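Please read them with the structure open beside you.

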Amino acid sequence: QVQLEESGGGSVQAGGSLTLSCAVSGRISSNFNMAWFRQAPGKEREFVAAVSRSGRSTYHVDSVKGRFTISGDNAKNTVYLQMNSLKPEDTAVYYCAIFTRTYLSGTYYSTRSKDYDYWGQGTQVTVSS
């Protein structure tokens, strides 16, 4: 059983910062990549950022580029999302997810939530103006 546990969400004012963490536990092959998604009320789940297992490759969507940074700590089986300069439109439930089927996209991430194998329970981020 693979488990992903997110933490670090909360409420901040616009311009503030938060760091999300996602710890992976359980039996899983070491060859997996990770990503963060978010889902705002009434909207579909949206891809935010991804990091390869090695940590050498990362990808961020344009809406968060320059403000958010994804990183991973292999020794701790943990992935982070450092979020700076937060905006009210960043308000959402943030989910971490594991991606192993790289043949689906040809690379270490997919922007489609259905391609991911395991999910955390989500952590709420609320940004007030």
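1. Strands here are DSSP runs of E with at least two residues, and helices are runs of H or I with at least four residues, numbered from the N terminus. On that basis Ser110 sits in the loop that joins β9 (92-99) to β10 (118-119). The model is a predicted one, in which local features need pLDDT of at least 70, side-chain atom pairs count only at pLDDT 80 or more, and totals for chains, interfaces and linings use all residues. Residues are numbered from 1 along each chain as its sequence is written, and side-chain values use heavy atoms, with hydrogens and water left out.

2. Is Ser110 buried or exposed? Ser110 has a relative accessible area of 4%, so it is buried (buried means under 20%, exposed over 50%, and partly exposed in between, with a 1.4 Å probe and protein chains only). Setting aside neighbours within four places in sequence, Ser110 is in contact with Phe37, Phe47, Phe99, Ser105, Asp115 and Tyr116, where contact means heavy atoms within 4.5 Å.

3. Aromatic rings deserve a separate look. Rings of Phe, Tyr and Trp (its six-membered ring) are paired if their centres lie within 6.5 Å, and planes under 30 degrees apart count as stacked, over 60 as edge-to-face and the rest as tilted. The count by this rule is ten aromatic pairs. Tyr59 and Tyr109 form a stacked pair, because their ring centres are 4.6 Å apart and their planes are at 10°. This pair links distant parts of the chain, with Tyr59 in strand β6 (residues 58-60) and Tyr109 in the loop between β9 and β10, 50 residues apart. Tyr59 is partly exposed at 29% relative accessibility, whereas Tyr109, at 18%, counts as buried.

4. Tyr116 and Trp119 give a tilted pair, since their ring centres are 5.9 Å apart and their planes are at 55°. Tyr116 is buried at 5% relative accessibility, while Trp119 is partly exposed at 28%. Both rings belong to one aromatic cluster, whose members also include Phe37, Phe47 and Phe99; these three Phe residues are among the contacts of Ser110.

5. Which rings have Arg45 over the face? Arg45 lies over the face of Tyr95, at 3.7 Å from the ring centre, and over the face of Trp119, at 4.7 Å from the ring centre. The rule used is that NZ of Lys or CZ of Arg is within 6 Å of the ring centre and within 35 degrees of the ring normal.
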